[in-house]
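These are my notebook entries on a structure that I looked up. I record the topics in the order in which I took them.

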Amino acid sequence: MTDGKQGSAVALKASPSAAAMARGLRGGSNPLGEWTARVKEIETGFRAWMATQPIHVEAAVATAVGAVQGGALGGLMGSLSADGGSPFPTPPNANPQAMASLKQAQALAGGPLVQARNFAVMTGANAGISCVMRRIRGQEDIQGSMAAAFGSGALFSIVSGMGTPNPVVNAITTGAAFAVFQGGFFMIGQKFSKPASEDTYYSRTRSMLHQLGLEKYEKNFKKGLLNDQTLPLLTDSALRDVKIPPGPRLLILDQIKRDPELVRTK
C-alpha cells in the first residue's frame, strides 16, 4: 500500500497537467482567468500604442482589422448558399428596375468570396472612417458615426454592383440609408448607456483645463491617455507629443506646479 501511494505521488508530481489540476482543486490560480487578463492587458497596450501613432497609421490598422473581421463574416454567410453562387437567376429581357432589384438581392446572396469581399469593404471602410473622425473630433459622436456609415454604405453599393443602372445615385442613397440607421442606433445607445467610466479618471484634468480656459485641449489629453494619474508626471515633451501649443503647455505646467491639489494621490 505504501509503495502504491508513493507511486501515485510521483506520477502526479511528474505530470504538469496533473499538477495544474491539483492546484486548481486546491483553489490556486485559474488558467482561464489568467489568459483573459493577459488578453485584456495586450488589448490595453495595443490601444495605448495606437493612440500615440499618426492618424494615417491608426486609420490603416483599423481599416485592415475591420476588413478582416468583415471578410470572415461575409465568407461565413456566403458559405450558407448551396452552390456558392447566386440563388437568383437572371431573367431574360428584364427591365432596368427589375435588374436593379435583382442586383440588390444578389449583393446579399452571393457566394463566400463575393460576400467576403463585400463585407470586407463595408466593415473596413466603416472602421477606417470612424477612426479618422474620432481623431479629428476628439471623441466618438453621432456625426462621426453617421459619416462612417455613409462611406461604408456607398462603397458597399459600388463594390457589390447593386447600383445598376445608376451606380452613383444608388451609392448616395445607400450611404444615406446606412447613415440614418447608424445615427438612430447611436442615439438609442447613448440614451440607455451609462456615462463612460473612464471619464472619472479625467475629473481633475478637466477641471484644470476649464479653469485655464483651455477646455478645447481635453481631447488632446484623452488621445494621449494623459489622465489624473499622469498629472504629476507631465512634462513639456509629453504635452508637445499630444500637439498642445507652447503657450497652453506653459500655462498647464505652471498650474500643476502651483496647485498641489492637482497632483494629490488617492
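Predicted model: local features only at pLDDT ≥ 70, side-chain atom pairs only at ≥ 80, totals over all residues.

I sorted the lining of the second largest pocket by class and noted nine nonpolar, four polar and four charged residues. For this sorting, Ala, Val, Leu, Ile, Met, Phe, Trp, Tyr, Cys and Pro count as nonpolar, Asp, Glu, Lys and Arg as charged, and the others, Gly among them, as polar. I recorded a volume of about 360 Å³ for the second largest pocket. A pocket here is an open set of points on a 1 Å grid over the protein atoms alone, where a 1.4 Å probe fits, with protein on both sides within 12 Å along at least five of seven lines; lining residues have an atom within 4 Å of a point. The volume is the space filled by probe spheres set on the points, which are joined across faces, edges and corners. Of the 17 residues lining the second largest pocket, I listed those closest to its centre: Ala-51, Thr-52, Arg-135, Asp-241 and Val-242. Helix 3 (31-51), helix 6 (112-137), helix 10 and helix 11 each give two or more residues to this lining. Helices are DSSP runs of H or I with at least four residues, numbered from the N terminus.

Residues are numbered from 1 along each chain as its sequence is written, and side-chain values use heavy atoms, with hydrogens and water left out.

I searched the whole structure and found eight salt bridges, each defined as a side-chain nitrogen of Lys or Arg within 4 Å of a carboxyl oxygen of Asp or Glu. One of them joins Asp-228 to Arg-204, with the closest N and O atoms 4.0 Å apart. Asp-228 lies in the loop between helix 10 (218-223) and helix 11 (236-241), and Arg-204 in helix 9 (residues 203-212), so this pair ties together parts that are 24 residues apart in sequence. Is Asp-228 buried or exposed? Its relative accessible area is 4%, and Asp-228 is therefore buried (under 20%; exposed is over 50%, partly exposed in between, with a 1.4 Å probe and protein chains only). Arg-204 also counts as buried, at 10%.

I then looked up Asp-236 and Arg-240, whose side chains meet in a salt bridge at 2.8 Å, N to O. Both residues lie in helix 11, four residues apart, about one turn of the helix. Asp-236 is partly exposed at 27% relative accessibility, and Arg-240 is partly exposed at 44%.

Arg-258 and Asp-254 form a salt bridge at 2.7 Å, N to O. They lie four residues apart in helix 12 (residues 246-258), about one turn of the helix. Arg-258 counts as exposed at 55% relative accessibility, whereas Asp-254 is partly exposed at 34%. I also noted that salt bridges with shared partners join Arg-206, Glu-218 and Lys-222 into one network.

I placed Met-77 in helix 4 (residues 55-78) and recorded it as partly exposed, at 38% relative accessibility.
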